[in-house]
Every structure is written in C-alpha cells, then in structure tokens.
Amino acid sequence: MIRIPPERLRALRNQIPITDVIRSHLELPNNFRDSFLRFLCPLCSGFDTAVNPATNLARCFACKKNFNPIDLVIAVRRCSFLDAVIFLENHAPLIGK
Ligand SMILES: [Zn+2]
C-alpha cells in the first residue's frame with residue numbers, strides 16, 4: 001500500500017485550480033454562465049453545477065455533491081483514489097516541488 005504524504009494530498013486538493021482540472025486536465029464539457037464556470041456533472045450528466053474558486057470545489061446542485069480535484073478525477077475517470085493522485089501529479093507537476 002503506497003502512502004501519500006498528507007501535505008502532498010493537501011497540495012493536490014488546494015493548489016491545483018479546480019477550473020484547470022475541469023477545463024485542461026479532464027477536458028470536461030463546460031461553459032461560463034452568470035459568471036460561474038459550469039461543467040458537465042460526471043454523476044448525473046447535468047449542467048446544474050458551479051465552481052467556487054474560493055474553496056476550490058466544484059458543486060453539482062442536482063446531486064448535492066461537492067468535488068475537490070481528487071474527487072472529480074475519480075468521478076470522471078472512474079478510477080481509484082491512487083490513480084487520481086497520479087493523474088493529477090502528472091498533469092500538475094509544479095505543485096509542491
Ligand atoms: Zn450531478
């Protein structure tokens with residue numbers, strides 16, 4: 001079992017802009033409406049969503065669920081927690097270095 005240092009996980013969750021995860025790293029369908037970035041929810045495929053840059057969370061109002069960058073990668077790619085961490089580290093290699 002690989003142990004990922006907690007500060008590394010914190011960096012992945014907090015320092016990779018969730019907008020970059022949506023638009024660049026996962027290339028999720030998205031658009032700007034009423035000054036919020038909306039994205040295709042990986043759970044319900046709806047657009048009743050918004051991104052909160054202050055908390056770095058993406059929320060689906062229909063699913064009543066918040067996604068941090070790691071959660072979102074898991075949901076979109078249907079991968080394991082560890083695979084999501086590796087995916088983010090490969091796409092955002094400057095973080096924590
Ligand atoms: Zn949803």
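Is the crossing of H3 and H4 left-handed or right-handed? The crossing of H3 and H4 is right-handed. A crossing counts as right-handed if the near helix is turned clockwise from the far one by less than a right angle, and as left-handed if anticlockwise.

This is a predicted model: local features need pLDDT of at least 70, side-chain atom pairs count only at pLDDT 80 or more, and totals for chains, interfaces and linings use all residues. Residues are numbered from 1 along each chain as its sequence is written, and side-chain values use heavy atoms, with hydrogens and water left out.

Start with helix H3, residues 69-77, and helix H4, residues 81-91. Helices are DSSP runs of H or I with at least four residues, strands are runs of E with at least two, and both are numbered from the N terminus. H3 and H4 pack at about 110 degrees, with axes 9 Å apart. That makes H3 roughly perpendicular to H4 (65 to 115 degrees). Axes are lines fitted to C-alpha atoms over the stretch in contact, and angles run from 0 to 180 degrees between N-to-C directions.

Next comes helix H2, residues 18-25. The axes of H2 and H3 come within 9 Å and cross at roughly 25 degrees. H2 and H3 are therefore roughly parallel to each other (under 35 degrees). This crossing of H2 and H3 is right-handed. Ile18, Val21 and Ile22 of H2 meet Pro69, Leu72 and Val73 of H3, where contact means heavy atoms within 4.5 Å.

Now turn to the metal. Cys41, Cys44, Cys60 and Cys63 coordinate the zinc ion through their SG atoms, at 2.2 to 2.3 Å. Donors are N, O and S atoms within 2.8 Å of the metal (3.2 Å for Na, K and Ca). The zinc site is tetrahedral, with angles of 106 to 114 degrees among its four donor atoms; the term requires all angles between 85 and 135 degrees. The donor residues follow the spacing C-x2-C-x15-C-x2-C.

Methods:
Parallel < 35°, antiparallel > 145°, perpendicular 65-115°, else oblique. Tetrahedral: all angles 85-135°; square planar, octahedral: opposite > 155°, others 65-115°.
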